[in-house]
Amino acid sequence: MQITKRIETFMLSCRFWSFLARSFLISLISLVSFTGGIRAETCPNPPGWLPQDLPQRLAAHQAWATEVLPPDPQDPRRINLCHADLSGLDLSGVVLSHANLGTTRIVGANFRDARLDGTVFDGAFIKDSDFSASHLSRASFLRVEIVGSRFVGSDLRHSQFPNVKWTDSDFSLADFTGSWFRRPVLRQVKFRGAHLPGIDFRTAEMENIDFSGADLSHSIFRSLTLKQIDFSFADLSRAALTRTTLEEVIFTDALLFLTDLRRLNIGSESRDRVAEFCHNLATARDWPYAYRDKKFLCGAKHLPGSFPLK
């Protein structure tokens, strides 16, 4: 009798966990179809097109995107502007959340204060455009090239930036918290006062970058070549710059509390070169608490780890 009850209990438990597993799988499939379905679909629009009824389509998409219930990705009101040429348009304040702007051409356009959360820009070309104060959280920027554009104060949290190429653009005061970069090429880009905590730049290629005043705490620059980088007044506490090659890097008033500076490559390690590096390092805040090799003691009495941090 007891054995029969145990078997029945075991069978009920198996059914319960099987039901939970099926429910989780269905939810996961629904999530993937919503967040990734736009990326997977082929573009039905011809290159360079622009719908004549764009205002009506934008209004319908706004009604769809702002519904109380989660928007249905199969709803015909969801706008698909892939391959469109949006150059010269004033779309400030527009609501294009979860829209498909993949492979679009955006030159001289105005997207200030636009709602673009979850929008797909994969393969787009953006030049001389203004996205300042726009809302771009959880957006996708796969292979997006950005030239001479402004994203000042934009919300780019939890967005994805694989294989992007940014040149001569301004992301000052932008928030990249929780975002993901992979093999980005960054040249002449401003991140003044931007929020970049914990960002992994290990696969990046960067030159002439302004990180002044940025939050780079816990960020990773390991094994990179940093050329013409301005870290003045930036928060680099607990950041990893291990094995980096430094060329014309400025640390003036940067916060270097527990920053990992071990195995740095500063080029020639002559006495004059080391003295020049130490002079640059000593302009930072809490630099004696940065982890570094003995050759870069730079006048400090102790290396980190040899005294209590109180």
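This is a predicted model: local features need pLDDT of at least 70, side-chain atom pairs count only at pLDDT 80 or more; totals for chains, interfaces and linings use all residues.
Local features need pLDDT of at least 70 and side-chain atom pairs count only at pLDDT 80 or more, while totals for chains, interfaces and linings use all residues. Residues are numbered from 1 along each chain as its sequence is written, and side-chain values use heavy atoms, with hydrogens and water left out.

**View A. The open sheet has eight strands in parallel pairing.** Its order is β1-β2-β3-β5-β7-β8-β9-β10; strands are DSSP runs of E with at least two residues, and helices are runs of H or I with at least four, numbered from the N terminus. Two strands pair if DSSP finds at least two bridges between them. β1 (105-107) and β10 stand at the edges with a single partner strand each, so one side of each has no neighbour in the sheet.

**View B. β2 (residues 125-127) meets β3 (residues 145-147) over three bridges.** The two strands pair in the parallel sense. Look for Lys127, whose bridge partner in β3 is Val147.

**View C. Cys43 and Cys82 form a disulfide.** The term stands for a pair of cysteine sulfur atoms within 2.5 Å; here they are 2.0 Å apart. Cys43 lies in the loop between α2 (37-40) and α3 (54-65) and Cys82 in the loop between α3 and β1, so the pair ties together parts 39 residues apart in sequence.

**View D. Cys278 and Cys298 form a disulfide, with sulfur atoms 2.0 Å apart.** Cys278 lies in helix α4 and Cys298 in the segment after α4, so this pair links parts 20 residues apart in sequence.
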